[in-house]
Amino acid sequence: MFHDHRHRDRSRFGRAIKTACAAVTLTAGVALSGTAFAQELPAWDEYNFEAQSAVMKDLNAKFEAAHSGVTIQRTQRSFDDLQLTLKLAVSAGNGPVVTKVNQGAGDMGTMAKEKLLLPLDSYISSYGWDKRQSDSVLARDRWSDTGAFGEGPTYGISALAEIVGLYYNKKLLDEAGVKTPIATFEDLLASLDALKAKGIAPFMIGTAKNHMALHMIAAVSQAHIDASNRKELDDLIYGRGGTWKTPGNLASAKLVQDWANNGYFFDGHSGIGADDAVQLFIAGQGAFLISGTWYLGDMQHNPDIHFMAVPPPAGIKTPLSVGGIDTAWAITNLAKDQATKDLAASYIDYMVSEEAAVAWANAGYLPATALPEGAQVKMSPLLSEGVGMWKTLNASNAIGHYPDWASPTLLKTIDDNTPLLLANTQTPEEFIEAMEKDYQGYLASK
């Protein structure tokens, strides 16, 4: 979702490129060697962190080298800019051929309904993408012709996995006498007072932009849901019905409001965004930070920082963790001929290849495609923790959801109301009611 979100075995890379070249030659009828194949491929992504951008620059250069005459016209955008401009640009005919797109109802759902994106199922079969990523992960890129989320054609596939979890600074927790890793949610609550007593900000957070408060509320709520009882949340997110007015959602909103108003947040949180908060956290200005694995590459620069799931309360055996995958690679309807469609698919195939997964892991990021056996990856201890979490969550079907995927306007509704909740000018009941009104309006309009 939010999602700003990193050389490779030469022999493996060579085989992959030969395969990609052959696939495009056969399907598009275009010779990629010995013949000038002059084509520009406009591609948009939101990998705008320095380390992420370096990975994309490297991957694009290697793709171009393997596809003679092909030039990737890369455009970097922030996540919010991508949401704001993508649909309009594609509709106007001057957008990208291949692009990252958020999977929620307001983005991929709307674009699929308006035929602005192309189904990728034939490429999933021919390239074997369903062997690289599980069906439960790919389901997050499906939208039916009737607007049902999680069903119908598949419109995208992601390069990176995402987990919203609990970053903690072990050095600061040791100083406050807090045992790590935190075992239960009750232990987390107890540690906050111990940190306050030592003059340490319990939570580093920036709430001015980038949705960090939303991630905190969702992560707390979903840590209280056992994977065996996930149907209610799944139904909400996939538009099958239900209600946001649950005791768990209300309690989570109230708890985060209490943290904001009783000195548990970094002082000045309302004046900074998530990226600034992360840099302050790396500098040791807070004990905990709840956010996603897209910050692993930055966080690894402080060896005192570790990553774990938000701990569950007593009685919850397999808690959900918010997350899944980063925004998906997709092909727009601006791919007007078969050769362009096949070239775009070949590009996506490389972006979700094992070789790309190694590149991302070497940069400190969590790939959605499994790393190949024997891969030479310089994996940081922090990334190792993330990889271990991803394997555990997949094995136990405990990957939760981003709430805003549930309706086209829910992200804006949450963003509009979260500052009011944190400023104590809106009750938790009013906050949840705003989400409920948005969601029920969406269901009624389908």
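User: At what angle do helix 12 and helix 19 pack?

Analyst: Keep in mind that this is a predicted model. Two packed helices get described by the angle between their axes and the distance between the axes. Here, helix 12 covers residues 247-261 and helix 19 covers residues 428-445, with axes 9 Å apart. The packing angle is about 130 degrees.

User: Are the two helices oblique or roughly antiparallel to each other?

Analyst: To count as roughly antiparallel, the angle has to be over 145 degrees, and 65 to 115 would be roughly perpendicular. Helix 12 and helix 19 pack at about 130 degrees. Helix 12 and helix 19 are therefore oblique.

User: Which residues of helix 19 make the contact with helix 12?

Analyst: On the helix 12 side, you'll find Asn 249, Leu 250, Ala 253, Lys 254 and Gln 257. The residues of this contact split into 5 nonpolar, 2 polar and 2 charged. From helix 19, the partners are Pro 428, Glu 429, Phe 431 and Ile 432.

User: Does Ser 158 count as buried or exposed?

Analyst: Ser 158 sits in the loop between strand 5 (149-154) and strand 6 (161-169). Buried means under 20% relative accessible area. Ser 158 has 0% relative accessibility, so the label is buried.

User: Which residue's side chain joins that of Ser 158 in a polar contact of 3.3 Å?

Analyst: Leaving out neighbours within four places in sequence, Ser 158 touches several residues, including Gln 133, Ile 325 and Val 352. Its side chain also reaches the backbone oxygen of Thr 327 at 3.5 Å. The side-chain partner at 3.3 Å is Gln 103.

Terms used
Residues are numbered from 1 along each chain as its sequence is written. This is a predicted model: local features need pLDDT of at least 70, side-chain atom pairs count only at pLDDT 80 or more; totals for chains, interfaces and linings use all residues. Side-chain values use heavy atoms; hydrogens and water are left out. Axes are lines fitted to C-alpha atoms, for helices over the stretch in contact, and angles run from 0 to 180 degrees between N-to-C directions. Helices (H or I, at least four residues) and strands (E, at least two) are DSSP runs, numbered from the N terminus. Angles under 35 degrees count as roughly parallel, over 145 as roughly antiparallel, 65 to 115 as roughly perpendicular and the rest as oblique. Contact means heavy atoms within 4.5 Å. Ala, Val, Leu, Ile, Met, Phe, Trp, Tyr, Cys and Pro count as nonpolar, Asp, Glu, Lys and Arg as charged, and the others, Gly among them, as polar. Buried means under 20% relative accessible area, exposed over 50%, partly exposed in between (1.4 Å probe, protein chains only). A polar contact is a pair of N or O atoms within 3.5 Å; within protein, one must be able to donate a hydrogen and the other to accept it, and residues adjacent in sequence count only if both atoms are side-chain atoms.
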